[in-house]
Amino acid sequence: MTTARGKTIFLWTLVIISIVTLSAPTLVVLGASFTAGNMITFPPQGLSLKWYASIAQATDLREAFLRSLYVSVVCTLIAIPVGTLAGIALAKYAVRFEKALQIYLLLPFTIPLIGSGIGLMLIFGNAGVLGQLWPVGIACCVINLPFMVWAVTASASSLDPDLELAAANCGAPPLQTFLMVTLPAVTPGVITGSLLMFILALNEFLVSLLLVDARIVTLPVQIYNSIRSIITPDLAAISVVFIGCAALAIMILDRLVGLDVFLKSK
Amino acid sequence: MRAYPLTWRLLDVLEAGVAKVFPRRLAGATPYLMLAPAVLLVGLLVLGLFQIADGSLRTLDTTTFLMSESYSLDNFRRALTEPLFRNVALKSFTGSLIVTAITLMLALPYAYVMVRTKSAALRKILLIALFLPFFIGQVVRAYGWLIILGNQGLVNETLSFLGIGPFRLIYNYPAVLFGLIQYMLPFAVLMLAPALTAIPEETEAAAESLGANWIQTFIHVVLPMARPGFVGAGLVVMTLSLTDFAIPAILGGGSQDFIANAIYDQFFRTSDQGLGATLALLLVAAGSTLVALVFALVGTGTLGMGRAKQ
């Protein structure tokens, strides 16, 4: 047990348990979506693509998916400028009350989602905008904003301040320095952050559930409502859309900035 | 004369515009202006908390089904004394403690192997196995577990093939905890990994060359040095699992409510907004106390997002 061999066996046993636990639902949903039967049974009754054909016909699912996309786009478009500016400011400037500001900007993570969701529901309700989709986008942006700020501060901290001074020294005015030196340096962080924001908004369930009504359900809420009534393979097929989006996001992230960026120490 | 490129002209105009709107002598205000949009956006949450606090002081008039005009503390009395809420709170707290302990236990080896492995391919596989569920969302994952653990699910069908079962594997407390652990694992690993990266491999080698076996090295070197990661990971897992809605709702089947489910029910089933707001406020208070306590005792750990320490 105390030998190097023991260490390998111990670590790998736990790692394999984790990998299986992490991947099982994804694999099973993928498998179930190709079943030929009308029920999800084991062993599956043959392979077919009929459930994909059936979700392609279902307007309610397609519309719910488009609504989720719309929410994600709103969320990301707001998060990019807001999070980038805040991230650069926190990483590069000595601001007063820095500690307090940091804790304040972490509020979206420290306030429980149900609290944030209900608070936003009350505010949007008072403002008379409940029942529209863009407030859902704003809500998703608020609750995940620290991810964006994190991603940007991580790359802004690695930018050598001398580079900006050098640009200024060569005669670049402040805006030019910002656009030509600072922004390109934080671009990997902005890409990481906006991908996270987009995909998390696409999947956001609880806040969506609180802010939408029956006319404008987003896809996760639609799936949740259907799970409660009956489990059919078309749900598996539509879930594969999420799996596809997640895989795509991971590929883009890996190609553009590399997944290893999450392992870097601060 | 060489042509002056259009982009340069454009930049000059922009620069002049900025200089006019925002003269140099205000440069000290730059970081605050850059932070303002984020502060305003998060301000929506603070505003929301005030709304919740206001609602918590109004009681439901059961004859008219309207909220009272006057303030009272009656909701707080009910929230703190009624056994229903005490049971839900106890169940959620116990659950989140168990989930945190098990998740950290699984996350540490995962993060350690991922950080320490020499193989880039293995590291990528581990990262993908982590990000895929993280990016898929709770509802789809819980749906996957229903297919696996359901009464006619994968596990029970396999067991019946062997002549055992069926067992009731969903709609109970362990199923909810299991779902939460799976949901939290990526968060925990991602918070732990940077802290483990920060530990130089030589430190471990040094401990081992001094005669410590790997278990001693782990306990006396790796764990203490990874403390900021444990703070971040533990806090995130604890608060997120304590306040989760989807997993208890789907895998608990309505019989295993956590606090968030109780709050949702007050708003949308019983329509007692006041009591719902009170419960939400108490949950926010409990969560914040926990976070503040940990921040005060051990700092923000890997959760901080300020300037790199010089």
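Everything here comes from a predicted model, where local features need pLDDT of at least 70, side-chain atom pairs count only at pLDDT 80 or more, and totals for chains, interfaces and linings use all residues. Residues are numbered from 1 along each chain as its sequence is written, while chains are lettered from A and ligands numbered from 1 in the order in which they are written.

**View 1. Helices α9 and α10 of chain B pack against each other.** Look for B:Thr203, B:Glu204, B:Ala207 and B:Glu208 on α9(B), meeting B:Thr217, B:His220, B:Val221 and B:Val222 on α10(B). Being in contact takes two C-beta atoms, placed from the backbone, within 7 Å. The residues of this contact split into three nonpolar, three polar and two charged. For those classes, Ala, Val, Leu, Ile, Met, Phe, Trp, Tyr, Cys and Pro count as nonpolar, Asp, Glu, Lys and Arg as charged, and the others, Gly among them, as polar.

**View 2. Helix α7 of chain A crosses helix α2 of chain B.** The crossing is left-handed. On the α7(A) side you'll find A:Cys141, A:Val142, A:Leu145 and A:Val149, and they meet B:Ala38, B:Leu41, B:Val42, B:Leu44 and B:Leu45 of α2(B). By class, this contact has nine nonpolar, no polar and no charged residues.

**View 3. Chains A and B touch each other.** Chain A puts 84 residues into the contact, and chain B puts in 83. On the chain A side, helix α1 (residues 4–33) gives the most, with 16 residues. That side of chain A has 62 nonpolar, 18 polar and four charged residues.

**View 4. Chain B is divided into two pieces, domain 1 and domain 2.** Domain 1 runs over 1–56 and domain 2 over 80–303, with bounds that come from an automatic or database domain assignment. Taken over C-alpha atoms, the domain centres are 38 Å apart. Five residues of domain 1 are in contact with seven residues of domain 2. The domain 1 side of that contact has three nonpolar, two polar and no charged residues.

**View 5. A:Phe97 and B:Ser271 sit in loops.** Zoom in on A:Phe97 in the loop between α3 (59–92) and α4 (98–105) of chain A. A:Phe97 isn't a glycine, yet its phi is positive, at about 55°. A:Phe97 counts as exposed because it has 9 C-beta neighbours inside 10 Å (buried takes 20 or more other C-beta atoms within 10 Å, exposed 12 or fewer, partly exposed in between, with C-beta atoms placed from the backbone). Over in chain B, B:Ser271 is in the loop between α13 (259–268) and α14 (273–298). B:Ser271 also has a positive phi of about 55° without being a glycine. With 12 C-beta neighbours inside 10 Å, B:Ser271 counts as exposed.

**View 6. B:Phe134 is buried, whereas A:Asp162 is exposed.** B:Phe134 belongs to helix α5 (residues 120–136) of chain B. B:Phe134 counts as buried because 22 other C-beta atoms lie within 10 Å. A:Asp162, in helix α8 (residues 161–169) of chain A, has 9 other C-beta atoms within 10 Å, so it counts as exposed. From A:Asp162 to A:Gln102 is 60 residues in sequence and 25 Å in space, C-alpha to C-alpha.

Definitions and conventions
Helix = DSSP H or I, 4+ residues; strand = E, 2+ residues; numbered from the N terminus. Axes fitted to C-alpha atoms, helices over the stretch in contact; angles between N-to-C directions. Left-handed = near helix turned anticlockwise from the far one by under 90°.
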